[in-house]
Amino acid sequence: MKVNDGSPFPRRLKEARLMRGLSQKQLGILAGIDRFVASARMNQYERGVHTPDFKTILALAEVLKVPTAYLFCIEDDLAELILTRSDG
């Protein structure tokens, strides 16, 4: 089992999902993950147990309407700035 290596991705993914008011299952399905495993897969991503492949990361960012940079930004202030800049 892979453990989170300190990547900000799990936390940013959850933050973005909650900002959009989506359940883990809804997000997974909208990102193209099979509906039967969508909830479990998203839960694993948010806990840092597994990391999605690049294609899935792009799909998640698109559904969440956030730049991929936000999902990997370590600094909270910069992450907030990325979101602010992407809204316009």
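**Lys65.** I began with Lys65, which counts as exposed because its relative accessibility is 58%; I use exposed for over 50% relative accessible area, buried for under 20% and partly exposed for anything in between, with a 1.4 Å probe and protein chains only. I worked on a predicted model, in which local features need pLDDT of at least 70 and side-chain atom pairs count only at pLDDT 80 or more, while totals for chains, interfaces and linings use all residues. Residues are numbered from 1 along each chain as its sequence is written, and side-chain values use heavy atoms, with hydrogens and water left out. I placed Lys65 in the loop between helix 4 and helix 5, where helices are DSSP runs of H or I with at least four residues, numbered from the N terminus. I then looked up its backbone and found that phi of Lys65 is near 60 degrees, a positive value in a residue other than glycine. I noted beside this that most residues other than glycine have a negative phi.

**Core.** I next asked which residues touch the most other members of the largest nonpolar core, and found Leu13, Leu27, Leu60, Val66 and Tyr70 among its 23 residues. Such a core is a set of buried Ala, Val, Leu, Ile, Met, Phe, Trp, Tyr and Cys residues joined through side-chain atoms within 4.5 Å. Helix 1, helix 3 (38-47), helix 4 (54-64), helix 5 and helix 6 each supply at least two residues of this core, and helix 4 gives the largest share, six residues. For Leu13, leaving aside neighbours within four places in sequence, I listed contacts (heavy atoms within 4.5 Å) with Leu27, Met42, Tyr45, Glu46, Leu60, Leu64 and Leu71.

**Helix 6.** I found Ala79, Ile82 and Leu83 to be the buried residues of helix 6. They lie on the same side of the helix because they cover an arc of only 95 degrees around the axis, the arc being that of the directions from the helix axis to the C-beta atoms. These buried residues pack against helix 1 (9-20) and helix 5 (68-72), whereas the face turned away from them carries the exposed Asp77, Thr84 and Arg85. Leu81, also in helix 6 (residues 76-86), counts as partly exposed because its relative accessibility is 42%.

**Record.** I saw that UniProt, in an unreviewed entry, places the feature "domain: HTH cro/C1-type" at residues 13-71. Over residues 13-71 I read 68% helix and 0% strand (a strand being an E run of at least two residues), with the end C-alpha atoms 6 Å apart.

Definitions and conventions: UniProt positions are given in the numbering used here, feature names are shortened, and annotations may be inferred rather than shown by experiment.
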